[in-house]
Amino acid sequence: HRPGEAMQTDFTWATELEITIAGEPFVHLLCHSVLPYSNWEWATPCLSESLSALRRGVQSAVFRLGRRTQSHQTDNSTAATHKLAAADKLRTGGGRGFNEDYKALMRHLGMEPRTIAIGCKEQNGDIEAANGALKRRLEQHLLLRRNRDFDSREAYEQWLRSIVEKANRPRQKRLREELEHMEAVRVERLAEFTEERVRVTSWSTIRVKHNTYSAPSRLVRQWVNVRVYEDRLEVYYAQQRQLEVERLRGRGGRRINYRHIIWSLVKKPGAFARYRYREELFPSLTFRRGYDRLLEGRVERAADLEYLRILHLAASTMESEVETALELLLEEREVPLYDRVRSLLGQSKPEVPEVATPQVDLAVYDSLLGLEEVAS
């Protein structure tokens, strides 16, 4: 290996580390970058082998160094490459081509993209070996820590950063040799999101990356800008952020918040029976049981109207309080009509504390002015 010639980057699963965030399993990968000459490394947690994750990981490593290698090497993952058309295969002799967005990232950083031959993992041997060494090191530190749970993703990333920095300390001599052969990075860091412009449907939903999300009903039929991050979406209208939601993986998924939909549904309750995402309008099993109880001995339209009014009450007050009221009525074998649920909520009213207004003695200011004149 020649100093400063190349950086290698690869994704590796970190599920075996059994990391949890606030008690919940954190299923993730590490975007791992290595300089083969000095073995300097950097790692960034990510949720998938996407271009967004690759962009974040590579930029984190490059800007951490403050310098760039001549080239950047990956395997043939779909984040960086794609299958070539038949004509392109004949022209280039086979293989895979680089994605346009990935090539744009490399141009911005001033690095030449390169990849390994298909089926030749040994050409990526340095980063493959480093993947295993990194995870073994993390496992040892987790054993010493005696706890695999972190308060937040940020806390986990900070811990991971400290472990990688400690591993890099013995590599400083050869790293300095590499840095002498690397050019300084003189560009700004690219944003870690792509932006799409979509229109909110009449059902208050948007479709982004083959998945469906609900949006506030005030945005119905409006065009919005969606910033697509690796782990979340941010929806903007008139340069103001209107919504932030966790990004779905794969295709055909949906994330519907009943609070976005209920305001329009309550005006046209007949649409509830054929609403495509109706199951998402039951926040918990208690709400579902309440709706089933309303259906007993009633016309479906009447039951729908009662339930939508209850759901509207949950959206405009406290969902937990409405759920408690439903549980009480179901335990008493009562039909959870809207008026009964609302009457239970009205039993607890917040107490307004009495605040004594202090009397202000303006003579104090006169005494202060007198002291100031004496001092002068």
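A crossing is called left-handed here if the near helix is turned anticlockwise from the far one by less than a right angle, and right-handed if clockwise. The model is predicted, so local features need pLDDT of at least 70 and side-chain atom pairs count only at pLDDT 80 or more, while totals for chains, interfaces and linings use all residues. Residues are numbered from 1 along each chain as its sequence is written, and side-chain values use heavy atoms, with hydrogens and water left out.

**Figure 1. Overview of the chain.** The secondary structure of the chain comes to 12 helices and 19 strands; helices (H or I, at least four residues) and strands (E, at least two) are DSSP runs, numbered from the N terminus. The radius of gyration is 29 Å, well over the 21 Å that the globule rule gives for 376 residues, so the chain is more spread out than a compact globule. That radius is taken over C-alpha atoms, and the globule rule is 2.2 Å times the number of residues to the power 0.38. Along its principal axes the C-alpha trace spans about 85 × 75 × 45 Å. Of the 376 residues, 42% are buried (buried means under 20% relative accessible area, exposed over 50%, partly exposed in between, with a 1.4 Å probe and protein chains only). Among contacts (heavy atoms within 4.5 Å) between residues at least 6 apart in sequence, 63% join residues at least 24 apart.

**Figure 2. Packing of helix α7 against helix α9.** The axes of α7 (residues 258-265) and α9 (residues 300-316) come within 9 Å and cross at roughly 130°. Axes are lines fitted to C-alpha atoms, for helices over the stretch in contact, and angles run from 0 to 180 degrees between N-to-C directions. The two helices are therefore oblique to each other; angles under 35 degrees count as roughly parallel, over 145 as roughly antiparallel, 65 to 115 as roughly perpendicular and the rest as oblique. The crossing of α7 past α9 is left-handed. On the α7 side the contact is made by Tyr258, Arg259, Ile262, Trp263 and Leu265, and on the α9 side by Leu308, Leu311, His312, Ala314, Ala315 and Ser316. By class these residues are 8 nonpolar, 2 polar and 1 charged. Ala, Val, Leu, Ile, Met, Phe, Trp, Tyr, Cys and Pro count as nonpolar, Asp, Glu, Lys and Arg as charged, and the others, Gly among them, as polar.

**Figure 3. Packing of helix α8 against helix α10.** Helix α8 (residues 285-295) packs on α10 at an angle of about 50°, with the axes 9 Å apart. This angle makes α8 oblique to α10, and the crossing is left-handed. Thr286, Phe287, Arg289, Gly290 and Arg293 of α8 make the contact with Glu319, Val322, Glu323, Leu326, Glu327 and Leu330 of α10. The contact has 4 nonpolar, 2 polar and 5 charged residues.

**Figure 4. Packing of helix α10 against helix α11.** Between α10 (residues 319-331) and α11 (residues 338-345) the packing angle is about 115°, and the axes are 9 Å apart. The crossing of this pair is right-handed. From α10, Glu321, Val322, Ala325, Leu326 and Leu329 meet Arg340, Val341, Leu344 and Leu345 from α11. The residues of this contact divide into 7 nonpolar, no polar and 2 charged. Thr324 also lies in α10 and is partly exposed, with a relative accessible area of 41%. The C-alpha atoms of Thr324 and Val341 are separated by 9.3 Å, the two residues being 17 apart along the chain.

Figure 5. Most residues other than glycine have a negative phi. Lys209, although not a glycine, has a positive phi of about 50°. Lys209 sits in the loop between β14 (205-208) and β15 (211-214) and is partly exposed, at 37% relative accessible area. Ala238 is likewise not a glycine and has a positive phi of about 55°. The loop that holds Ala238 runs between β17 (232-237) and β18 (240-246). At 48% relative accessibility, Ala238 counts as partly exposed.

**Figure 6. Surroundings of Asn99.** Asn99 is placed in the loop between β9 (96-98) and α3 (100-109). With a relative accessible area of 17%, Asn99 is buried. Not counting residues up to four places away in sequence, Asn99 touches Thr78, Ala79, Ala80, Thr81 and His82.
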